[in-house]
Amino acid sequence: MSADNAQQSWYKDFRVYLEPRIWVIFLFGIMSGFPWVLIGSMLSAWLQEAGVSRSEIGLFGMVFVAYSVNALWSPLVDRVKLPLLQTWLGQRRSWLALCLVVLMAGTLGLSGINLAEHAFWVALGALVIAIASATQDIAIDAFRIETFSQDESHLQSAGAAMATAGWWTGYSGLGALPFFLVDGATWDWQAAYKVMAGVLAVQLIIVLAVRESKRYRAQLKPFTRWQDWFRTTLVDPIAEFFKRAGWRLAVAILSFIFLFKIGEAFLGRMSIVFYKEVGFTNDDIAVYSKMVTWWVTIVFAIIGSMVNVRLGTMRGLFIGGIAMAASNLMFAWIAVVGPDTNLLLAAVIIDGFTGAWSTVAFVAFISLLCNRAFTATQYALLASLGNLGRTLLSSYSGFVVDWLNGDWSLFFILTAVMVTPGLLLLVVLRKALHRIQAPAADTEMARDN
């Protein structure tokens, strides 16, 4: 290929980001990532400053199980029409609006609780936020997949990139706000939660303003009995996937999805506790862990999507997995050196790059596995399986650190090793996957073989 042709090809790849639909996906990605601030980094910092143990902070992560089991109620998002809202906003946006109202209520609830006296109510509020956010994710993922037709696989990849960029904008960009606020003398965590409720109100306005695509949605009849709900929730989507893949390949794929991001999840669950124990301030966390990670992730999510289009999703996953394991070792280095902001900057840049790259490939991979007859349900089942491994096992990350007697360096080395089983499965699966993809994905999958 000549240099001119290569330039034109790269320009064509980049031009998809001028598509307005891509930017709607970006905004919805922000909404998907933002609740993780409320029950993730923000809550962890609040608990750590209140003197809660590492083990208990890790167990608070059990609320994220909601993201792992949201497939159980995903058919509701597909088929149940919310009174009044559905006529006004459409199927997906009506559910988004409802979830945002619940999120605002849960966030305002946390802002009025004294953690030292009512830890149970803090946990309950976090659970409400997790359930509402997990339900919102079902609608957002379905909206994203349905926004593009099956012959627009290049847009699906770009959509995955912008969903990732948006998620990190919500989690890291907006997630820096409470750390900047609470580092002052006049703001506490409860006041910061009130500000975050205001951010959710802005997101609700965005949902009301955008338009919903109806071009590619499967026309599904509403279920009338609980048996229909059970069949639609578990039997039909799972049966279709196993029939298409065959049980051996299906089990291998599901095992890969379960294992791929466990190491990253262990690191993420304890990262805020680690930063604060090592000696970084809330301002350091806001600037480096949040703001720097935000921009690094956006840039590399876009670059990663363009490279993945050319290399193929399988190669993108493999490269991302290796880089993800290597990046965890940077945090082991910080554990030895101490609160060096230059080293922290290098670590979050590398971690942001590897996280973005692997996430874009992972989202695109799962999206290509979905049958359009079960868009929300099948994607939710696959994504939930990945979240299940991350949530159940990473909730015990605090116990692991305590078992290692606070040896953070060894802990991060272990998180790097955890990536290996998923990579080995990916090598085994690489050539078998193309036969279960949608026809429109054949060209994309051919790059992997």
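This is a predicted model: local features need pLDDT of at least 70, side-chain atom pairs count only at pLDDT 80 or more; totals for chains, interfaces and linings use all residues.

Guide: Let's start with a group of rings: Phe274, Tyr275, Phe280, Phe331, Trp408, Phe411 and Phe412 form one aromatic cluster. Residues are numbered from 1 along each chain as its sequence is written, and side-chain values use heavy atoms, with hydrogens and water left out.

So what makes a pair? Rings of Phe, Tyr and Trp (for Trp, the six-membered ring) pair if their centres lie within 6.5 Å; planes under 30 degrees apart are called stacked, over 60 edge-to-face, and the rest tilted. By this rule there are 26 aromatic pairs. One of them is Trp36 with Phe64, a tilted pair with 4.6 Å from centre to centre and 40° between the planes. Trp36 sits in helix 2 (residues 20–39), while Phe64 is in the loop between helix 4 and helix 5 (65–69), so this pair ties together parts that are 28 residues apart in sequence. Helices here are DSSP runs (H or I, at least four residues), numbered from the N terminus. Trp36 and Phe64 are both buried, where buried means under 20% relative accessible area, exposed means over 50%, and partly exposed is in between (1.4 Å probe, protein chains only).

Now back to the cluster, which includes Phe411 and Phe412. These two form an edge-to-face pair, with 5.3 Å between centres and 65° between planes. Phe411 counts as buried because its relative accessibility is 1%, and Phe412 is buried too, with a relative accessible area of 1%.

Leaving out residues up to four places away in sequence, Ser172 touches Ser289, Lys290, Met291, Thr293 and Trp294; touching means heavy atoms within 4.5 Å.

Helix 8 (residues 91–111) is another one to find: this 21-residue helix reaches 31 Å from its first C-alpha to its last, close to the 30 Å expected at 1.5 Å a residue. That expected span is 1.5 Å times one less than the number of residues.

For a contrast, look at Leu59 in helix 4 (residues 54–60), which is partly exposed, with a relative accessible area of 34%.

Definitions and conventions
Helices (H or I, at least four residues) and strands (E, at least two) are DSSP runs, numbered from the N terminus.
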